[in-house]
Amino acid sequence: MNALLFAPGLFVLLCKAGGARFALQNIGLCALIQLCLGAPYLATNAHAYLSCSFDLGRVFQFKWSVNFAFLSPELFVSKKLALSLLAAHLLALLLLAELRWCRAEGGLRALLRSCAKKAGKKQPLRALGAAEVVGTMMASNFVGIVFARTLHYQFYAWYFHTLPFLLWHAPIPTAARLCLFGSIEAAWNIYPPSAINAYALLGCHLALLVGLFAGAPCVGAARRARDC
């Protein structure tokens, strides 16, 4: 399921690389691969496979969650919290796309307008730099982590390997980067979850997110050393 957190960044990259037609072709290819992989299960019990594999409304147990441990169990499982986090997640993605990922194109809206005008035409592919691809994908995944209601201990595997890149992309002193990295690591390695750990983890996540907004966009491999 966590692979879906990369989807917004991937969509933006596909639109930038080849326009709407190219993006839809590749999204369709992803869907086709998923259908082929799930074919045995779809043939046996399609409803059970789809409802359990893509259960976006699933509520995990509060006692195992590393984040939001400072909330009451009732508030933690409430629809109000879930909808608030979803709204914040979408807003953060839209702002990142508008202000950072699509800055060279004039913003997300300008990119989508350009794609819409040329939707029926085959556009020449544009080469994207490695830093641009990696930075966009990792940031997209990280935003999903920040606004996830439940983060169990095994979920650290979703993003721990992206933290060095993201931290060194944020315009903060190296000492602050190391402090944030160490604090996040410590929060994930203390059991059982506590309110103090949850506050520390959320604070570090938000600080890094602000740093991603403040940092210069990664626009190509040639600029990686200077901008990231």
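The side chain of Arg-149 reaches the backbone oxygen of Ser-78 at 3.3 Å, and a polar atom of that side chain also lies 3.3 Å from the backbone oxygen of Phe-76. Both are polar contacts, meaning pairs of N or O atoms within 3.5 Å; within protein, one atom must be able to donate a hydrogen and the other to accept it, and residues adjacent in sequence count only if both atoms are side-chain atoms. Arg-149 sits in the loop between helix H5 (130–146) and helix H6 (163–169). Helices here are DSSP runs of H or I with at least four residues, numbered from the N terminus. Arg-149 counts as buried because its relative accessibility is 14%; buried means under 20% relative accessible area, exposed over 50% and partly exposed in between, with a 1.4 Å probe and protein chains only.

A word on the model: it is predicted, so local features need pLDDT of at least 70 and side-chain atom pairs count only at pLDDT 80 or more, while totals for chains, interfaces and linings use all residues. Residues are numbered from 1 along each chain as its sequence is written, and side-chain values use heavy atoms, leaving out hydrogens and water.

Now to the helix packing. Two packed helices are described by the angle between their axes and the distance between the axes. Axes are lines fitted to C-alpha atoms, for helices over the stretch in contact, and angles run from 0 to 180 degrees between N-to-C directions.

| Helix pair | Angle | Axis distance |
|---|---|---|
| H1 (residues 7–53) and H4 (residues 108–117) | about 40 degrees | 10 Å |
| H3 (residues 79–101) and H5 | about 155 degrees | 9 Å |

H3 is therefore roughly antiparallel to H5, whereas H1 and H4 are oblique to each other. Angles under 35 degrees count as roughly parallel, over 145 as roughly antiparallel, 65 to 115 as roughly perpendicular and the rest as oblique. The H3 and H5 crossing is right-handed, while H1 passes H4 in a left-handed crossing; left-handed means that the near helix is turned anticlockwise from the far one by less than a right angle, and right-handed means clockwise.

Which residues bring H1 and H4 together? On the H1 side they are Phe-11, Val-12, Cys-15, Lys-16, Gly-19 and Ala-20, which meet Leu-108, Leu-111, Leu-112 and Cys-115 in H4; contact means heavy atoms within 4.5 Å. These residues divide into eight nonpolar, one polar and one charged. Here Ala, Val, Leu, Ile, Met, Phe, Trp, Tyr, Cys and Pro count as nonpolar, Asp, Glu, Lys and Arg as charged, and the others, Gly among them, as polar.

Between H3 and H5, His-89, Ala-92, Leu-93, Leu-96 and Trp-101 meet Thr-136, Ala-139, Ser-140, Val-143 and Gly-144. This contact holds six nonpolar, four polar and no charged residues.

Lys-16 turns up again in a side-chain polar contact of 2.4 Å with Glu-132. Glu-132 belongs to helix H5 and is buried at 2% relative accessibility.

Two backbone details are worth a look. Most residues other than glycine have a negative phi, and most peptide bonds are trans. Phe-68, in the loop between H1 and helix H2 (73–76), has a positive phi near 60 degrees, and is buried with a relative accessible area of 9%. Tyr-191 and Pro-192 are joined by a cis peptide bond with omega about -5 degrees; Pro-192 lies in the loop between helix H7 (174–188) and helix H8 (195–214).

Note on methods. Helices (H or I, at least four residues) and strands (E, at least two) are DSSP runs, numbered from the N terminus.
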